[in-house]
Structure formats: structure tokens, C-alpha cells
Amino acid sequence: MEQHELKRDLKNRHVQLIAIGGTIGTGLFLGSGKAISLAGPSIIIGYLIVGIALFFVMRALGELLLSKGGYASFTEFATEYLGDWAGYVTGWTYWFCWIMTAMADIIAVGMYTQYWFDIPQWVPAIACLVVLLILNLLTVKLFGELEFWFALIKIITIIALIAIGLVLLIIGFETDAGKVAVSNLWEHGGLFPNGAFGFLMAFQMVVFAFVGVELVGVAAAETENPQKNIPSAINKIPIRILLFYVGALFVILTINPWDTLSATSSPFVQVFALVGIPIAAGLINFVVLTSAASAGNSGMFSTSRMLFSLSKGEQAPKSFGKLNKNAVPQNGLLFSAIVVSIGALLSYLMPDDAFSIVTTISAICFIWVWSIILISHIIYKKRHPDLHAKSIFKAPLTPFVNYLVLAFFFFLLIIMAISEATRTSLMLTPLWFILLFVLYAIRKK
């Protein structure tokens, strides 16, 4: 029998771990290597700044999702507060964001697999995509379980890394790179070894590390108790940023001076290799591989749900709004998987540059989505002061902080325009928005 509604099968533990899985992914495990090479130890400050900005985005998202109790995703309130065009452009852009992110994740799976096997990157990338597609075609509950265990592996790994790092720090352990010490943060060229320019150039990868933080908003329609679960997941974001980003990078940079780490491989794997625990290094490589698979899993989930939401709003083909017997948007999943497979082609054609290109485009598109959330919240507060007054989850310091974060996002785009590594991707991304506005105009006619 054909299903017409998504099932609310995600329990509180699923939502909490999906929120953590959304904030720990390929950007941290693999991308932080490149970010460290650009900014040095000051990268910790970069993660802190972006993390604070996104916490305010998430608080705005949380209040909007709970304001009327009926929003399935942020495209619906974007349509209400900014117009039909905003829902259309933002919905399709969010789909595109996760397509780019999932591409980056399967490319990363290919890169991690080369730690053990000398095979082309695209082979494990395609294999990973097929497995994730099959698993996602089953039930949302299975997706929740997968993310629960994937996220748990990530959490245990980072906590273990921090614990081992602190022990090495206390005993003053000697590695091939020297003594483990807090002074490693400033003794190799200072906190900002490449100056302010290097610090700013690292922001693209820092932004990419946080993509998926808004996944709680997409999961809202399939959450058992959104009034309780969404605020709980969002309010824990600052603790997660301090532990998983600041804590982990602090430990990594005290164990290894920043200039001994490679920009093209995971600093998490390098730490254990340098400490002299080769088995542990292999184990960490397995963990970061599952982390990339987890982020790819989130990508498959969110792209299919966004296509379902767009279809329900008559902004995508009706076929994407059909659910299979397990209440999963099967057509949306299959379409997204076919497009994501282009990532495997990119890793075949440009094995050295593919990851950097797709992460930049993804980061730019996510900045659009986060900005739409903030602007929608500003309009919501002006238009419905009554709803804001009785909100059980008021966003703090609004609207001032909304304008401040929007200005910060604009500043990030300027940085990407200045950087030679990200300029091409930034110039290509507007083509996506031009295409969407043209398609929207044709659709309206």
C-alpha cells in the first residue's frame, strides 16, 4: 500500500546523535589537515568563531520550526516569510549542498581506503554509495540506528583521542616530532604562524566542517517529539563544539607541532602514527572512514527528504513526493544517488583537486541556506510578535545577532573571493543560482 506521509520514527536518542553526527564529519577528520596547514594553531579560534555563529543560526531555526508546530523543514517557513521563490531556491540549493557534501564524503572514503589498499579512489567511493543507497531504501528507523552507531563511534574516538592526548601531555611524552607540550601551540612560529591572511584563508574548510549542523531541521518531520527533542539537540551544540572541535584540535596540536602535519591526510591518523601506535593509526583510519560514510549517509537522507518536501510544495516533480511501503521517498533517493555518483567520476578525473572543489561549493551554498534561516527569523519576529512572545524556545539577542552573523557570512564570501584556492569555485557557484531563478521563472509562467 502506498504511503503518503513520512513516519515519526526518530526517537530522542536518534535526534541527539544525528545532531552530533551533523557536527562531526569529513570536514573535521580530513579537512582540518588543510585548515591547520593554512592557519596553524590559530585554527582553534577559527572553529570557535564559526561554531558560535552557527549556534545562533540553529537557535533561530529551532524557534521557527516550533513556532507553528507544522513545519516539515525550513523551505516551508522560507516560502511563508520570503515568498515562493525563496522556498524553491533554498530547497533546491539545500539539496545541491548535500549532493556536494555527499560527493566530498564518498571521495574521502576512497582516499581513506588507500591507507590499506592501492586501488583507484573511485572504486570504494562507488561501493560506499551503493551500500548507503540500499540501507536508506529500507526505513527511517534504520537510518536513525545507523547514524546513532556511526556517531557513537566518532564520539568514543574523539574522547579517547583527548584522553590519550592529555595523558601524553601530563607525562611529557616524546614523539619523533619532539616533546608533547602546550608550548607547541606557540613555539613554531607563534599562534598565527602564517599571519592574519593564513588564518582567514582557512575559514572555507572550517565552514565546511560544520555543514550538516542544521540536519535537525530536516529530521523534524520524522521526530517523535519535536517540542522536546529539537531544543535539547540545539542547546547541546556549544558543548559539542568545545569538546569535538576545540578539544580535539588542542590535543592534536600539543602532540604534534602544526608544521609536522600533512595538509592532505587526516591529522587524527597522523597523531597515532607519530606516537608510535601503528595499530591504533589503522583503527583511527577505520573510524574516519566510517565518519565519511556516516556523513554520506546523512547526505542521502537529507537530499531525499528535501526532494519530498519540494514535491509536496509543488516545487519538484510529483514522483519525488511518492513514498515506498516503508514510508521512504524512494524516487528522491535514487535520483540523488545517481547525481552523487558524479563525485566518483570527479575523484577519477581530478583525484588531487576533487575534494577541495566540492567542499568549497558546498560551503558557499550552505552559507545561502543559513542566511535564509536568519532572514526568515527576522521577518517572523516582525510579523508575528505574538508567536515570538509565547515561544517556548526563543532565539537569544535577536534581531541584532542575526544581522551580525549575516555580516560575518558576507565577510566569509569576500575571503573566498580573495583566496586563489577557492576563487574558481566561488565564481562557478552563481551559475547554480542563475539556473534556479531561470527554472523558477519558467515554472511560474
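A salt bridge here is a side-chain nitrogen of Lys or Arg within 4 Å of a carboxyl oxygen of Asp or Glu. By that rule the count comes to one salt bridge, and its partners are Asp84 and Arg443, whose side chains meet at 3.4 Å, N to O. Keep in mind that this is a predicted model, where local features need pLDDT of at least 70, side-chain atom pairs count only at pLDDT 80 or more, and totals for chains, interfaces and linings use all residues. Residues are numbered from 1 along each chain as its sequence is written, and side-chain values use heavy atoms, with hydrogens and water left out.

**The chain overall**

- The secondary structure comes to 21 helices and two strands; these are DSSP runs numbered from the N terminus, helices being H or I with at least four residues and strands E with at least two.
- Of the chain's 445 residues, 61% count as buried (buried means under 20% relative accessible area, exposed over 50%, partly exposed in between, with a 1.4 Å probe and protein chains only).
- Take the contacts (heavy atoms within 4.5 Å) between residues at least 6 apart in sequence: 82% of them join residues at least 24 apart.

**The salt bridge**

- Side chains of opposite charge can pair when their charged atoms come close.
- Asp84 sits in helix α6 and Arg443 in helix α21 (residues 420–444), so the pair ties together parts that are 359 residues apart in sequence.

**Helix α6 against helix α16**

- Two packed helices are described by the angle between their axes and the distance between the axes.
- For α6 (residues 84–113) and α16 (residues 330–340), the angle is about 55° and the axes are 9 Å apart; axes are lines fitted to C-alpha atoms, for helices over the stretch in contact, and angles run from 0 to 180 degrees between N-to-C directions.
- The two helices are therefore oblique to each other (under 35 degrees counts as roughly parallel, over 145 as roughly antiparallel, 65 to 115 as roughly perpendicular and the rest as oblique).
- On the α6 side the contact is made by Trp95, Ile99, Ala102, Met103 and Ile106, and on the α16 side by Phe335, Ser336, Val339 and Val340.
- Those contact residues divide into eight nonpolar, one polar and no charged; Ala, Val, Leu, Ile, Met, Phe, Trp, Tyr, Cys and Pro count as nonpolar, Asp, Glu, Lys and Arg as charged, and the others, Gly among them, as polar.

**Ala104, also in α6**

- Ala104 has its place in helix α6 and is buried, with a relative accessible area of 0%.
- Which residues does Ala104 touch, leaving aside its neighbours within four places in sequence? They are Phe208, Phe355, Val358 and Thr359.
- Ala104 and Val358 are 254 residues apart in sequence, yet 6.0 Å apart in space, C-alpha to C-alpha.

**Helix α20 against helix α21**

- Helix α20 (residues 400–418) and α21 pack at an angle of about 110°, with axes 5 Å apart, which makes α20 roughly perpendicular to α21.
- Leu413, Ile415, Met416, Ala417 and Ile418 in α20 meet Glu420, Thr422, Arg423 and Leu426 in α21.
- This contact's residues split into six nonpolar, one polar and two charged.

**Ser265 in a loop**

- Ser265 is in the loop between α13 (237–255) and α14 (267–275) and counts as partly exposed at 28% relative accessibility.
- Ser265 and Lys34 are 231 residues apart in sequence and 8.2 Å apart in space, C-alpha to C-alpha.
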